[in-house]
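Please look over the sequence and the model shown here before reading on.

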Amino acid sequence: MAHLDEDAHCLHLSAYSDGAGAHVLPARAILTDAVRIGSTGLVLAHRQARGELAPRTIDRTATRDLARAAEACDITLLDHLILAGEECASMRRMGLL
């Protein structure tokens, strides 16, 4: 997770784990950190274990839920990047954000 200020400067980079493979974003921890750091924007990135760039249903749902929760805190989820091997896909460019 990249925490950004209003000028899109990176304030902090954080790594979050989904615990025991639950594939759930820890939205509460992400947003608590964002408020503490003073983030106005977030960019999420994750490596796709199966090596495909297409977001899974769980990726779409978790991204949408995080974006809504962030918006309630006046924070914008700017993008969710999916990394697979040497390639990267943007959920914003796919129209999913």
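The model is predicted, so local features need pLDDT of at least 70 and side-chain atom pairs count only at pLDDT 80 or more, while totals for chains, interfaces and linings use all residues. Residues are numbered from 1 along each chain as its sequence is written, and side-chain values use heavy atoms, with hydrogens and water left out.

## Helices

Helices (H or I, at least four residues) and strands (E, at least two) are DSSP runs, numbered from the N terminus. Helix H2 covers residues 57–72. The expected span of a helix is 1.5 Å times one less than its number of residues.

Buried means under 20% relative accessible area, exposed over 50%, and partly exposed in between (1.4 Å probe, protein chains only). The buried residues in H2 are Asp59, Ala62, Thr63, Leu66, Ala67 and Ala70. Viewed down the axis of H2, they fall within an arc of 135 degrees, so they line one face of the helix; the arc is that of the directions from the helix axis to the C-beta atoms. Turned away from this buried side is a face with the exposed residues Thr57, Arg68, Glu71 and Ala72. Helix H1 (27–37), strand E3 (41–47) and strand E4 (76–84) are what the buried residues of H2 pack against, where contact means heavy atoms within 4.5 Å. After H2 comes aspartate 74, with a positive phi near 60 degrees.

In H1, the buried residues are Ile30, Leu31, Asp33 and Ala34. Seen down the axis of H1, they fall within an arc of 160 degrees, so they too line one face of their helix. Arg28, Val35 and Arg36 are exposed on the other side of H1. The cover over the buried residues of H1 includes E1, E3 and H2. Glycine 38 follows H1 and has a positive phi, near 90 degrees.

## Strand pair and loops

Strand E1 (residues 2–4) pairs with E2 in the antiparallel sense over three bridges; two strands pair if DSSP finds at least two bridges between them. Histidine 3 has histidine 12 in E2 as its bridge partner. Five residues lie between the strands of this hairpin, in which alanine 8 takes a positive phi near 65 degrees.

Serine 14 lies in the loop between strand E2 (10–13) and H1. The side chains of serine 14 and histidine 12 are joined by a polar contact of 3.3 Å. A polar contact is a pair of N or O atoms within 3.5 Å; within protein, one must be able to donate a hydrogen and the other to accept it, and residues adjacent in sequence count only if both atoms are side-chain atoms. Not counting residues up to four places away in sequence, serine 14 touches Met1, His3 and Asp33.

Glutamate 52 lies in the loop between E3 and H2. Leaving aside neighbours within four places in sequence, glutamate 52 is in contact with Ile82 and Ala84. Glutamate 52 and glutamate 87 are 35 residues apart in sequence and 9.2 Å apart in space, C-alpha to C-alpha.

| Residue | Relative accessible area | Class |
|---|---|---|
| Serine 14 | 15% | buried |
| Glutamate 52 | 41% | partly exposed |
| Cysteine 10 | 46% | partly exposed |
| Cysteine 73 | 37% | partly exposed |

## Cysteines

How many disulfides are counted? With a disulfide taken as a pair of cysteine sulfur atoms within 2.5 Å, the count comes to zero. The sulfur of cysteine 10 is 15 Å from the closest cysteine sulfur, in cysteine 88, too far for a bond. For cysteine 73, the closest cysteine sulfur is that of cysteine 10, 19 Å away, again too far for a bond.
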